[in-house]
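Student: I would like to learn how to read a ligand site and the spaces around it, feature by feature. Could we begin with what counts as a contact?

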Amino acid sequence: MPVEEKRVRLTVCKEGKRALDSFLKSIDAYNKNCAVVLCLFSGEKMKVYCAQQSLAQLAMTLQDSGEIIYHVGMLAGSLNNRGVFLPSLELGWELIKANTISGRNVVVLEGDEAKEFIFGRTVELVSEMNWEEGKAVAVINEQGEFLGWGKIRGKRIIPVVDIGSYVRYKD
Amino acid sequence: MNYDRLFNIRISEEAIKLSRRFGLLPYMAERYIMMFGLDEVEEFLRAVHNGIPRSIRCNKLVVKSCGDLVSRLEKEGFKIRQSKIVPYGYYVDYEPVSLGSTVEHLLGYYFIQGIGSMASVVALSPQPGELVADLASAPGGKTTHIAQLMNNTGGILSIDVDARRLAKLVSNIERMHVRNVIVLMADILNVKVNEGSFDRVMLDAPCTGEGLIVYKKERFFTRTIDDLRKMSEYQLKLLLKAFKFLKPGGTMVYATCSIAPEENEFVITRALDEMDEMEVIETRLDGAKNVPGITEFNGVRFKDEVKNCLRLYPHTDSTEGFFICLLKRKE
Ligand SMILES: C[S@@+](CC[C@H](N)C(=O)[O-])C[C@H]1O[C@@H](n2cnc3c(N)ncnc32)[C@H](O)[C@@H]1O
């Protein structure tokens, strides 16, 4: 398949579903709202979407008639060319809202810590918890609102993606 | 019919005086005199000069009670006032920090949007489970609002041609937690979508932005009459194409953030000339002054039905200038 064509092709894909499922498993989570998993190649990455059946069908019909699909349903994450799955902010929001992620994989940040995190900065944890090195965690504030995904490094949380990115990268 | 005279503006003494007083191009002053008459034109220009505060749309997809959002923002020092036209729309009279930088904004609890822009979606009134097309959709103010009224059910086809604006559209769809949208990067004039398959269509057409002078005063002197002529031709093409997306019996909104009759009633009049299946239905909103469409401008008579369209102005409705017209495809 020519590269250009592969880049923009939307497919119902097992690879994306597998990556999403294994990510969810790694953080003791599950997602109820993923009727169909679709993948879209974009540059170096493959974007993984969840969609309702009828929406997925409409998207495929549109693509068959020659249209370029840019987004469908909910972005669940993306898979880079090394096979690493990067969860989306939407996925985190969904898991926290539905309470379908184990508390062991959720970090609560207070006041200024939360602010630092949504500025995309590393946060020093004051709590005494023993976190597993390199683990992906969903970060929330005291109100239980999802702020982003982080990674544990010692007693620090490195932001992977945070809600501040909605305005940081605006053109 | 020869419509050329519509774009041939004779500038009067009054218009020159007005243009000096309020700092706008004389041809624009003349057009405003034609639109409002000598008494009302000053009211309009004064309202434009005073400006209107920014406004936000509370995102009921995620916020359980808009009252709670308001209290939360008020605690942070914002001064907030509910709109009369859109119950979940609020003016922000004072911003201690920029509205775009709050956590609530990042969490998708609100969208920064003019009340006029929100009113166009209220007029469209999309229902849960429907199939809706939002054409010319980036950066997504209308798409995310349509999803809100459909409670994330059914489907929305959201199309724009501009790649940079599309990125913003997708970011807004994600931030606002919208799940029922397919985004296409396409020119709607060439798109190969099944015609006649949508319950509702929104065409928020590209325009000169004349209604946005309340926010951006430079629009008083950066647009020429030739811009209006070109835009009007383009808008007609888009409208004729957009209308074909509708099912028989379906409804669409043609909207612009412009108050220029050349971009609005004139475009509708010409579309009605070309499309027997098109009818204008009364566009009226609770809480609005409900200023009707203009039926004659600069000596050119438009179709009578255009009076059913709706105009919003800063001096009558405290909104940015907006034109909203509901159209129906006959069964
Ligand atoms: C007034 S703006 C739309 C604003 C948007 N509806 C909202 O509420 O955020 C007009 C849009 O029309 C798009 N546009 C212009 N010509 C187009 C075409 N032929 N096909 C698709 N989009 C077009 C522009 O890229 C622009 O984003």
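Tutor: A polar contact is a pair of N or O atoms within 3.5 Å; within protein, one must be able to donate a hydrogen and the other to accept it, and residues adjacent in sequence count only if both atoms are side-chain atoms. Here a nitrogen atom of the ligand lies 3.1 Å from a polar backbone atom of B:Ala136, an oxygen atom of the ligand is 2.6 Å from an N or O atom in the side chain of B:Arg165, and a nitrogen atom of the ligand is 2.7 Å from an N or O atom in the side chain of B:Tyr234. By accessible area (Shrake-Rupley method, 1.4 Å probe; for residues, only the protein chains shown count as cover), the ligand taken alone exposes 600 Å², of which the protein buries 88%.

Student: What should I keep in mind about the model and its numbering?

Tutor: This is a predicted model, in which local features need pLDDT of at least 70 and side-chain atom pairs count only at pLDDT 80 or more, while totals for chains, interfaces and linings use all residues; side-chain values use heavy atoms, with hydrogens and water left out. Residues are numbered from 1 along each chain as its sequence is written, and chains are lettered from A and ligands numbered from 1 in the order in which they are written.

Student: How many residues surround the ligand, and which are the closest?

Tutor: A residue is near a molecule if one of its heavy atoms lies within 4 Å of it. There are 19 residues around the ligand, the closest being B:Asp160, B:Arg165, B:Asp187, B:Asp204 and B:Tyr234. With Ala, Val, Leu, Ile, Met, Phe, Trp, Tyr, Cys and Pro counted as nonpolar, Asp, Glu, Lys and Arg as charged, and the others, Gly among them, as polar, this shell divides into 10 nonpolar, 3 polar and 6 charged residues.

Student: What is the space taken by the ligand?

Tutor: On a 1 Å grid over the protein atoms alone, a pocket is an open set of points with protein on both sides within 12 Å along at least five of seven lines, whereas a cavity is a set where a 1.4 Å probe fits but cannot get out; lining residues have an atom within 4 Å of a point. A molecule sits in either if more than half of its atoms lie within 2 Å of the grid points. The ligand takes the space of the largest pocket, whose volume, the space filled by probe spheres set on points joined across faces, edges and corners, is about 1,500 Å³. Of the 48 residues lining this pocket, the closest to its centre are B:Ala138, B:Pro139, B:Gly140, B:Arg165 and B:Leu212.

Student: How many cavities of 30 Å³ or more are found?

Tutor: The search of the whole structure finds 1, and about 60 Å³ of space lies in the largest cavity. Its lining divides into 7 nonpolar, 1 polar and 2 charged residues, including A:Trp93, A:Phe146, B:Arg175 and B:His177.

Student: Which backbone features deserve a second look?

Tutor: Most residues other than glycine have a negative phi, and most peptide bonds are trans. B:Ala136, however, has a positive phi of about 60 degrees although it is not a glycine, and the peptide bond from B:Ala138 to B:Pro139 is cis, with omega near 10 degrees.
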